[in-house]
Amino acid sequence: MTRPSGTTGQPATPPPDDKDWTFVTTRGCPDCGFMPTRVDEVGARVRATIDPWRHRLAADDVRQRPTETTWSPLEYGCHVRDVCILFRQRLALMVTSDNPTFANWDQDQAAVEGRYWDEDPATVAEEYAVEAERTAAAFDAVTPDQWDRPSLRSNGSSFTVETFAAYFLHDLEHHAHDVGISRAG
């Protein structure tokens with residue numbers, strides 16, 4: 001289903017993803033090939049996603065959904081941009097607060113409220129580049145004594161800054177895989 005720029009009709013909402021993806025923080029992901037990284041590589045791996053997303057968001061089929069209920073590359077691009085913002089905000093809390101708890105973030109609601117399908121791909125590509133760089137810098141700034149700082153998600157999942165970083169990286173790299181971006185090195 002292709003939606004030209006400026007459409008007002010909301011596409012079908014994908015079914016909710018209720019899978020607990022926290023296993024990727026230690027075991028990696030058999031679907032996309034993600035493997036957790038050393039903490040000193042987090043920023044570099046985030047930055048390595050910027051150019052591939054720029055190229056993917058410039059493709060002619062950027063608004064094309066592979067199925068009615070699967071996001072288009074544009075919608076995924078908006079999602080990973082917003083994931084960078086959210087994770088950077090949460091990382092700041094983790095390194096400054098004692099064991100913060102994070103509310104659930106409904107990515108499907110964010111997509112509807114943000115009208116992801118109707119955004120400008122070139123703008124999203126540049127916004128993603130900025131947010132990914134800012135988030136990479138935030139992870140680069142984590143000091144050795146902060147990697148073990150804990151947090152909780154509203155569903156009870158616990159993270160350290162280190163496992164949180166892996167969870168974040170997986171989101172970026174898995175969605176790159178979802179839109180056909182080949183995994184680098």
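This is a predicted model: local features need pLDDT of at least 70, side-chain atom pairs count only at pLDDT 80 or more; totals for chains, interfaces and linings use all residues.
1. The largest pocket has a volume of about 1000 Å³, and its lining is made up of 35 residues.

2. As to the helices around the largest pocket, α4, α5 and α7 (161-178) each contribute at least two residues to the lining, and α7 holds the largest share, with seven residues. Sorted by class, the lining of the largest pocket consists of 15 nonpolar, 10 polar and 10 charged residues.

3. The lining of the largest cavity is formed by Q10, P11, A12, T13, P14, R65, W71, E75, D108, A111, V112 and W117.

4. Helix α5 (residues 107-113) gives the most to the lining of the largest cavity, namely three residues, and α5 also supplies at least two residues of the lining of the largest pocket. The class count for the largest cavity is seven nonpolar, two polar and three charged residues, the charged residues being a point to keep in mind when this lining is examined.

5. S72 sits in the loop between α3 (50-57) and α4 (73-96). With a relative accessible area of 2%, S72 is buried, because buried means under 20% relative accessible area. Leaving aside residues up to four places away in sequence, S72 touches V62, R63, Q64 and R65; of these contacts, R65 is also one of the residues that line the largest cavity.

6. Which cysteine sulfur is nearest to that of C29, and how far away is it? The structure holds zero disulfides, and for C29, which is in no disulfide, the nearest cysteine sulfur is that of C32, 3.8 Å away. C32 is likewise in no disulfide, its nearest cysteine sulfur being that of C29 at 3.8 Å.

7. Are C29 and C32 buried or exposed? C29 counts as buried at 4% relative accessibility, and C32 counts as buried at 10%, since the term buried applies under 20% relative accessible area.

Methods:
Residues are numbered from 1 along each chain as its sequence is written. Side-chain values use heavy atoms; hydrogens and water are left out. Helices (H or I, at least four residues) and strands (E, at least two) are DSSP runs, numbered from the N terminus. Buried means under 20% relative accessible area, exposed over 50%, partly exposed in between (1.4 Å probe, protein chains only). Contact means heavy atoms within 4.5 Å. A disulfide is a pair of cysteine sulfur atoms within 2.5 Å. On a 1 Å grid over the protein atoms alone, a cavity is a set of points where a 1.4 Å probe fits but cannot get out, and a pocket is an open set with protein on both sides within 12 Å along at least five of seven lines; lining residues have an atom within 4 Å of a point. Ala, Val, Leu, Ile, Met, Phe, Trp, Tyr, Cys and Pro count as nonpolar, Asp, Glu, Lys and Arg as charged, and the others, Gly among them, as polar. Grid points are joined across faces, edges and corners, and a volume is the space filled by probe spheres set on the points.
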